[in-house]
Amino acid sequence: MRARRALLYMPGNDLHKIQKAATLGVDCVCMDLEDGVAINRKSEARSTIHQALLSLEFGKSERLVRINRVGSGLEHDDLELTITAKPDGFVIPKVDHADQLVWVSNQLERYEQKHAWPKNDIYIFAIIESPQGVVNLTEIARASTRLQAIIFGAEDFAGAIGAIRSPEAWEVFYARSAVVTHAAAENLQAIDMVFVDLNDSDGLLKEAKLGAQMGFSGKQIIHPNQVNLVQEVFSPSEEDIQKAKSLIEAFQEQQEAGVGAFALGGKLIDAPIIRAAEQVLAKARAAGKID
Ligand code: COA
Ligand code: MG
C-alpha cells in the first residue's frame, strides 16, 4: 500500500504552483485540467503539465493529472496531450457510471501497447461527486484493476442534491461514508473531501480527524499550508503504533494459550480489534514510520 495522505491540487496552467508542489513532500501532486482551469486555458494547461512532467523532479510524490469529465468532449485531448510524459495516474472527476472508467482504462491500455509500457502501469482514481455516482458505487469500485482510490467531492455533491453546506458536514455524511465502505469492499483507498477555508486551521484539523476516524486514507487539499497538518492526521501517531504492537503481541500470546478473547486494561480484545491494529501498522508502514 502506498501512502496517499494528502492529494494537493493546483491549476495545470500554473507552472509556479506545480514547481512549488514538487518540493513539498506531499504524497500526491494533482495537476488539474478540470474545474481549476478556465475553459480558454485548457490547451495551455495540457502543455504546461506535459512539460512539468518531463522536466521537474517530484521526489517521492505521486504525479497525477486530473482530466475533464468523460463525456465533456475535452477528455480525449486531456489524455492524448499529457500521456506521453507518463504521469503515475489520472484522476477522473464526476464519475457517475462505471462506463466512464472503462473508457479511460481502454484508452490507457492502447497507449501502453503503443509505447511498449507494462500493462496496467498507469493508475486511475475516481471522484464521486453526484447522487448517480453514489448510487452506482458498487459497479464503479469494480470497474478497473487500475483503480487505486475513490475520492469524495463534497461541493459538487451537495449542490446536486440541494443540500446546504455546514461546518459539521452532516448533509454529506451518508455519501462520504458510502465512499469509504465501497472502497474498502474492493480493497481500494478512499480520499476525503476538500476543506475550502484556507485560514481556518482548527476547522481543517477537525474535519481531517473525522475523515481519518471514518476510515479515509487521506484528504484532498488545495494549499501548501494544508500539507503537514493533513499528512500528520492521516499518519498513525507513535502512541497508536506502540498500542497496536502491544495488542498484537498480547493477542498472539493468548492465542497460543488457546484463548480467543481476553481483557487488557479493562477492555475486550478479540479478532476485530487485532485486524484494526494491523491496519494501523499498515498505515504506519506506508507513511514510512516503521519498517
Ligand atoms: N499548489 C502549489 N502551490 C500553491 C498552491 C497550490 N495549490 N496554492 C498556493 N500556492 C503557492 C503560491 O503560488 C504562493 O507561492 P509563492 O510564495 O512562491 O509566491 C504560496 O503558495 C502562497 O500562496 P497564497 O498567496 O497563500 O495563495 P494564492 O493566492 O497564490 O492562491 C488559491 C490561492 C486558492 C488560488 C490557490 O491556493 C490554488 O490555486 N489552489 C488550488 C485550487 C485548485 O486547484 N482547485 C481545483 C481543485 S478543488
Ligand atoms: Mg468537483
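A residue is near a molecule if one of its heavy atoms lies within 4 Å of it. With that in hand, welcome to this predicted model, where local features need pLDDT of at least 70, side-chain atom pairs count only at pLDDT 80 or more, and totals for chains, interfaces and linings use all residues. Residues are numbered from 1 along each chain as its sequence is written, chains are lettered from A and ligands numbered from 1 in the order in which they are written, and side-chain values use heavy atoms, leaving out hydrogens and water.

Around it sit 13 residues, and the closest are Y9, H16, K17, I222 and H223. Strand β1 (6–11) gives the most to this shell, with 4 residues. Helices and strands here are DSSP runs (helices H or I, at least four residues; strands E, at least two), numbered from the N terminus.

| Residue and part | Ligand 1 atom | Distance |
|---|---|---|
| H16, side chain | oxygen | 2.7 Å |
| K20, side chain | oxygen | 3.3 Å |
| I222, backbone | nitrogen | 2.8 Å |

Next comes the magnesium ion, ligand 2. Its protein donors (N, O and S atoms within 2.8 Å of the metal, or 3.2 Å for Na, K and Ca) are E129 (OE) and D156 (OD), 2.2 to 2.3 Å away. E129 belongs to the loop between β5 (123–128) and α5 (131–135), while D156 is in helix α7 (residues 154–161), 27 residues apart. D156, at 32%, counts as partly exposed.

Key
Polar contact = N/O pair within 3.5 Å; in protein donor to acceptor, adjacent residues only side chain to side chain. Buried < 20%, exposed > 50% of the residue type's maximum accessible area, 1.4 Å probe, protein only.
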